[in-house]
Amino acid sequence: MHGLLIGVALPCLALSAEHGQLTGNGLEGVYHAGRRLLSRCQLRIGGREPVAVQGGLVGAGRARFVSVARTAADAGPDPGLVVERLRDADGTERITLRSSAARPLRLPVEIALGTDLADLGAVASGRAGPELPASVHDSGMRWAGAGGALSLVTVEPPPSDALASAGLLRWEIELPPGGTRTLELRVRSDRAVRPAGQTAGQLLARAEVEGDDPRPGRLLAAAVDDLRALLLRDPAHPADYYPAAGVPWRCGPAPAEALWAARMALPLGTRLAVGTLRSLARTQVRAKGADFGWIPGPLRDAGPHLPPSCTGLEATLAFPAVLAEAWRWGVADGELEELLPAAERCLHRLRAAVGEDGLVREPGPAGPRRAETQAHAHRAALLGADLLEACGRPGVDEWRDWAATLRRRFPEAFWVEDRAGGRPAAARTPDGRPLPFLGSGAAHLLDTGLLGGGRMAPGLLDKPRTEQLARLLGGPALDSGWGLRSLGAKEPGHNPFGHRAGAVRPHETAVAVAGLAAAGFEKEAVSLLCGALDAAEAFGGRLPEMYAGEQRTSGARPVPHPAACRPAAVAAAAGVQLLASLVGIRPDAPAGTVALDPMRSAPLGAVAFAGLRVAGAPFSVRVSRLGLGMVEEAAAGLQLGV
């Protein structure tokens, strides 16, 4: 996976090697809705493959390949023919031949096509099967598979000859001196597929960032492009969009990750958050019973020390917090009223998840008490109470009192003293034993949530313990130099490639950067921020779902994870949150105010954001080299708070 160029415009994918030829090997191919419509597309000119010289992505859904070929008119070693291939994820490819020869050229051109019509899961597990026989159809080829599967390839201009037994299309191309000629291929199934991102309009603002350091501009452009490419429409309500988890392995919804991605992308507008919340509210359990208020979600690996975690619980706790913060960023009153009942049901489910010890337990009789889950629950209670109060609903004091009780209980239950100053335990077993290993999940203790007036909600740790946690997050055991490790380098079971056992996950790095900056620990925040920016540069501007947590050394590059999704929704949205942390935008649209809390050290020099969205209107802000924030464009009547 890590060696492929992945073009995305869901539900369409194009996976290509850097040379640009689709050879049928591995995962290469063009996919629509999880089915490989084209596995082989090999170009030959004069009986030979052109020499590949460059290949790369020029957008989330487009790859560009450049190759050269020598012709009979070339007297020396310099090639006289340049071949450019632009391959789009939706199955369109333009092949352009450009001649530099001094005399006319007549070139035999062939394209060999093939497909197995296998689904992605079968391809990934090596069970794709043989290529299917082709038949000549219209101006191209046609393949039919089991269950009515169909693939059609048409080419303009039509070929002069077609050989179905070899899947071969032929042309005799005539090029005048300095001339060009283009072939356009279109791959399609029996039903039209239109990528959701092409119909989403202004769902995500096309924000830009400029400044002394060029890295933020490249990261933000890639993040917005990737998020748009990952959009899916709710099948029952096509006006609502939500992000798929990641490509190519998880092209469907993952409730918790969709919510976190929508939350981190709030500086680009609230429409993605509203669509995601609506879609998940429709999946919520509404029948009275033990699961009332539950948002279903799959289990997720939690590393070597804990059983798999329940993302359904995570999504249920995230829902009220995401709605509350989206409201602060500018969700309309009507949308808030529509979604508030689902948030109340989530809070009802939170109440049922609290054990006799006052802590939130995982589902099941032997479910542990995870520190990260307590942070999610505390945030849900405080921000949920904020919503209830604003809407005149009951339960405000109950949830604030419960959150205060959890703040008193948490250090007793989870803080483990040691010679280095202590650390939060990752979890407590059902019998009360702390599991004191150190991982990136601790960063969620700093993610307290946004209240009114630009205030951050109180956290579960007091000031001395917050300071100690900041030291741990910024220390070499967790800070790899490329971002935050999911498990400390000195912990038992550490594996730099482990999903939750040592790999760097940009999502949790972004959570740590934002939390550290908000708590005033700028040195540690800047170290993680700069490491993530450098990693993004090494990965061509696109942050993958995860990468190896190898320690950074002079002249090294981050090591890719061979199974990581690229792009992934939470990783793309993490790019937005990482950059937003430079400015510290804290809106309160209902009150008509916005506060700024920029990084005072201005670690990247001057930086200016344009095209963000606050209170439903464009928002532009600048941070000077002195660390001073200035609003340059905002909604009418929006006041700058303190």
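This is a predicted model: local features need pLDDT of at least 70, side-chain atom pairs count only at pLDDT 80 or more; totals for chains, interfaces and linings use all residues.
Residues are numbered from 1 along each chain as its sequence is written, and side-chain values use heavy atoms, with hydrogens and water left out.

Strand 1 (residues 5-9) and strand 2 (residues 12-16) run antiparallel and are joined by five bridges; two strands count as paired if DSSP finds at least two bridges between them. The strands, like the helices below, are DSSP runs numbered from the N terminus (helices H or I, at least four residues; strands E, at least two). The two form a hairpin with two residues between them. Five of the five residues of strand 1 are buried, so the strand is largely enclosed by the rest of the structure. Here buried means under 20% relative accessible area, exposed over 50%, and partly exposed in between, with a 1.4 Å probe and protein chains only. Leu5, Gly7 and Ala9 point one way from the strand, Ile6 and Val8 the other way, and all are buried.

## Two further hairpins

Strand 12 (residues 135-137) and strand 13 (residues 140-144) are antiparallel and share three bridges. Valine 136 has methionine 141 in strand 13 as its bridge partner. This hairpin has two residues between the strands, and aspartate 138 takes a positive phi near 55° in it.

Strand 13 also pairs with strand 14 (residues 150-156), in the antiparallel sense and over five bridges. Arginine 142 stands opposite leucine 152 in strand 14. Five residues lie between the strands of this hairpin, where glycine 147 takes a positive phi near 70°.

Next comes an open sheet of three strands in the order 28-29-33, with mixed pairing. Strand 28 (585-588) and strand 33 (639-640) stand at the edges with a single partner strand each, so one side of each is left without a neighbour in the sheet. Strand 29 (residues 593-596) and strand 33 run parallel, joined by two bridges. Threonine 593 stands opposite glutamine 639 of strand 33.

Where does alanine 207 sit? Its place is in the loop between strand 17 (180-188) and strand 18 (208-211). Alanine 207 counts as buried, at 8% relative accessibility. Leaving aside residues up to four places away in sequence, alanine 207 touches Leu220, Leu268, Ala610, Gly611 and Leu612, contact meaning heavy atoms within 4.5 Å. Alanine 207 and valine 576 are 369 residues apart in sequence, and their C-alpha atoms are 9.9 Å apart in space.

## Cavities

The structure holds eight cavities of 30 Å³ or more. On a 1 Å grid over the protein atoms alone, a cavity is a set of points where a 1.4 Å probe fits but cannot get out, and lining residues have an atom within 4 Å of a point. The largest cavity has a volume of about 450 Å³. Of the 29 residues that line the largest cavity, Ala302, Leu306, Arg370, Glu372 and Gly441 are the closest to its centre. Strand 22 (309-310), helix 5 and helix 7 (371-390) are the elements that give two or more residues to this lining, and the largest share, four residues, comes from helix 7. By class, the lining of the largest cavity has 14 nonpolar, seven polar and eight charged residues.

The second largest cavity has a volume of about 130 Å³. Of its 14 lining residues, the closest to the centre are Glu257, Arg300, Arg500, Arg505 and His507. Helix 3 (255-264), helix 10 (506-519) and helix 12 (569-580) each supply at least two residues of the lining, and helix 10 gives the most, with three residues. The lining of the second largest cavity divides into four nonpolar, two polar and eight charged residues. In both counts, Ala, Val, Leu, Ile, Met, Phe, Trp, Tyr, Cys and Pro are nonpolar, Asp, Glu, Lys and Arg are charged, and the others, Gly among them, are polar.

Note on methods
On a 1 Å grid over the protein atoms alone, a cavity is a set of points where a 1.4 Å probe fits but cannot get out, and a pocket is an open set with protein on both sides within 12 Å along at least five of seven lines; lining residues have an atom within 4 Å of a point. Grid points are joined across faces, edges and corners, and a volume is the space filled by probe spheres set on the points.
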